[in-house]
Amino acid sequence: MHLDVATLRDFYATPLGQIARRILARRIRSQWGPAPGETVASLGFGTPFLGSYRNDARSFAAFMPESQGALIWPPASPILSTLVEEGSLPVRDNAIDRLLVIHCLEVAEQVTPLLRELWRALAPQGRLLIVVPNRRGLWAHVDTTPFGYGRPYSRSQLDVLLAQSLFTPLSWTTALHLPPFDRSMLVRSATAWERIGTRMSPRFGGVLMVEARKEIVAPVNGKPARAKAFRNLVTAR
């Protein structure tokens, strides 16, 4: 199935989508805190979650892959959304301080080149936060929400991909513990579901959230050496 920007927009307009947006936005804000004077960006469909950072950040950009399409965002301010090629962000090296990747990795055509491009664009002390459907969770197996599209991930799978792309995971968590059904009773009790699920069955949340650090050294013949920014794998900007 193809995940496009209209499907994403329509989902987040539903009662279940609004609850999911609030839960994830709170988790992201809790993880990152404020970002005064920093460059904040999202890749995929991050606009429902990062609105508050427009006031904190020095600069802000919402990158939307051409395979999904783009929306004008925000509708009543200078436009901050940009249609981009999946593996080519229109920024210089080391430009982004905080980068949210959501509704992206699971539907990417080429995951490894995409992660290499994220490495290139992220500042040495930058913070990458990836949100993907959790293979263990119910949301990945129900295609009535966007989290049922594409390839869900386990923690071990994502860990390997990040290591291969010179990222070190710093923290792992899950979110969306309520069942992925747009029923008024479930939506009304979403806070309780989230609280109980986080405490009692954290491995079975609907999404995995991992924050990772960009590594700038890599082992060569058992000795550390400066990483060459994936020389021969990415094009310098």
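Start with helix α4, where V111, L114, L115, E117, L118, W119, R120 and A121 are buried (under 20% relative accessible area with a 1.4 Å probe, protein chains only). That makes eight of the eleven residues in 111-121, so α4 is largely enclosed by the rest of the structure. Helices here are DSSP runs of H or I with at least four residues, strands are E runs of at least two, and both are numbered from the N terminus.

This is a predicted model, so local features need pLDDT of at least 70 and side-chain atom pairs pLDDT 80 or more, while totals for chains, interfaces and linings use all residues. Residues are numbered from 1 along each chain, and side-chain values use heavy atoms, without hydrogens or water.

What do the buried residues of α4 pack against? Their partners are β1 (39-44), β4 (96-102), β5 (122-133), α5 (155-164), β6 (167-175) and β7 (207-214), with contact meaning heavy atoms within 4.5 Å.

Now for the nonpolar cores, which are sets of buried Ala, Val, Leu, Ile, Met, Phe, Trp, Tyr and Cys residues joined through side-chain atoms within 4.5 Å. The largest has 37 residues, and L24, L100 and L176 have the most contacts inside it. Helix α2 gives this core its largest share, seven residues. Looking at L176, you'll find that it touches W139, F147 and V207, among others. A second, separate core of 33 residues includes V84, A95, A121 and F167.

Zooming out, the protein chain has seven helices and nine strands. Buried residues make up 50% of its 237 residues.

Key. Lists of a residue's contacts leave out its neighbours within four places in sequence.
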